[in-house]
Amino acid sequence: MARKPSERRHATENLEDINLTPIMSILVILIPMLIFAFSFIEIALQQVAAPKMGPPKPKQADEKKPLQLTIVVNDAGFVLKQQADFEEPDVVIPLKEQADVAVTQPHLEYDYARLYSELMKKKKAYSEERTINLAADFHIPWHILARTIDAARVQLVESAYDDLVQYAQAKVKFTDGVPEPLFDTVVFMVDPDQAK
Amino acid sequence: MADSQEQMDLENVDHAINYFDKKGRIKVKHDAPEVVLNINSLMDIMTIMLVFLLVSITSDPLSIQMSDTLVLAQSTVELKPKDSIPITVTKKHLIVDKSAVANIDCKIGGQMCTQDDFDLKARCSKPENNCAADEIKRANSMLFYVDKSYKKDGSDREFLIEPLHKELERLVKTQKDENMKLGRPFEGITSIIVDKDIPFRLIAEIVHSAGMAELHDFRFAIMKMTTR
């Protein structure tokens, strides 16, 4: 007598699709959360050396005198100073009236264009020099210092700019694919009189 | 030819009437094959997006979350962020490696700043908000500082912020030990993520304190712009 074939052996395995809906639900929540946490702003870094405080180091007799070019930032604008031995007068760059589209009235703004132009003159006279000191009144905010460093960092296509808008949009001068440096080694400097 | 066309049109009309007829519609429903939405492709897209976002977020060495109390200054500088000890200076806190070490206080003309002043500052920092001249003047006169109790000898003249210095010394020691095990030199780099309104005095104090903890390469985080 023939037996009934085994149902288990002859059964066709019916594999059901995985239910992806819960995973999709998690992904739909996770992705907007991550996009919200994701920063679309490009962050870069500005390198600065430690502040100089206290009396200067004694110089060796054969040591080449450094230019000690210093930008002083105060409420009235910029003052460009250098080592007294070089016998060049300080350059005072006052605030300049700027018409801003976002502000109805013209307002006073730091003249970064002229600062850059003056720094280019110094660079032409002392082409080996790459260090610049940055001193400021203690209440001067960081965003002004950051723009000041930016003006001193690299050479632009033109060596002088009158207009802040032209200066702001100017392209960097490249040599062999490398930006041409201006005074790119920035050192913070604290005025000892102010520190008291 | 024209007759056959007319016949077809009539059949179409009959079909349409049947479709809207209740009985006819039920019949159509039974006959139609069950359509299942295939979400596999969508799953693939979502998975790729998730992986991309997770990799992007975790590989960012600074991972800066900007807010009303932390707005970065702008610059055209191009130096890329590197793994380093991060110091964050917001308008309210001084943070080292995600733990607050000191509070930042704020004064306007001898008076402590109120929340309204912070709100005014946040509003007036956006040019589209068109703040009045006196509002801009008030917002710009907010002065941020670290209280003298955090400084060496409790003196306002001092530049050394003690809790910051201690925490940095601890982190430098840890980093030196790790580098020694890995056979790498200690570079002494710190990334300073500083709000654009923090004054030079406080920045000089932070840099001085970090310098005392053997950190000598200071890198300030800025928002990269195409115009200067």
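How many residues does the contact take from chain A and from chain B? The contact takes 51 residues from chain A and 55 from chain B, where contact means heavy atoms within 4.5 Å. The model is predicted: local features need pLDDT of at least 70, side-chain atom pairs count only at pLDDT 80 or more, and totals for chains, interfaces and linings use all residues. Residues are numbered from 1 along each chain as its sequence is written, chains are lettered from A and ligands numbered from 1 in the order in which they are written, and side-chain values use heavy atoms, with hydrogens and water left out.

Chains A and B bury about 4,800 Å² between them. Buried area is the accessible area (1.4 Å probe) that two parts lose on being put together, summed over both. Carbon and sulfur atoms give 71% of the area. On the chain A side, A:Ile43, A:Leu45 and A:Trp142 lose the most area to chain B, together 17% of what that side buries. One salt bridge is counted between the two chains. A salt bridge is a side-chain nitrogen of Lys or Arg within 4 Å of a carboxyl oxygen of Asp or Glu. B:Lys80 and A:Glu42 meet in such a bridge, at 3.1 Å from N to O. Over all chains, the count comes to 21 salt bridges.

Helix packing was examined within chain B. Helices (H or I, at least four residues) are DSSP runs, numbered from the N terminus. Axes are lines fitted to C-alpha atoms over the stretch in contact, and angles run from 0 to 180 degrees between N-to-C directions. The axes of H4(B) (residues 115–124) and H5(B) (residues 133–140) come within 9 Å and cross at roughly 115°. The two helices are therefore roughly perpendicular (65 to 115 degrees). B:Asp117, B:Leu120, B:Lys121, B:Arg123 and B:Cys124 of H4(B) make the contact with B:Glu135, B:Arg138, B:Ala139 and B:Asn140 of H5(B). These residues divide into three nonpolar, one polar and five charged. B:Asp117 and B:Arg138 also form a salt bridge (3.0 Å, N to O). B:Asp117 lies in H4 and B:Arg138 in H5 of chain B, so the pair ties together parts 21 residues apart in sequence.

H6(B) (residues 162–182) and H7(B) (residues 200–212) pack at about 40°, with their axes 8 Å apart. B:Leu164, B:His165, B:Leu168 and B:Glu169 in H6(B) meet B:Ile206, B:Ser209, B:Ala210 and B:Met212 in H7(B).

Definitions and conventions:
Parallel < 35°, antiparallel > 145°, perpendicular 65-115°, else oblique. Nonpolar A, V, L, I, M, F, W, Y, C, P; charged D, E, K, R; others polar.
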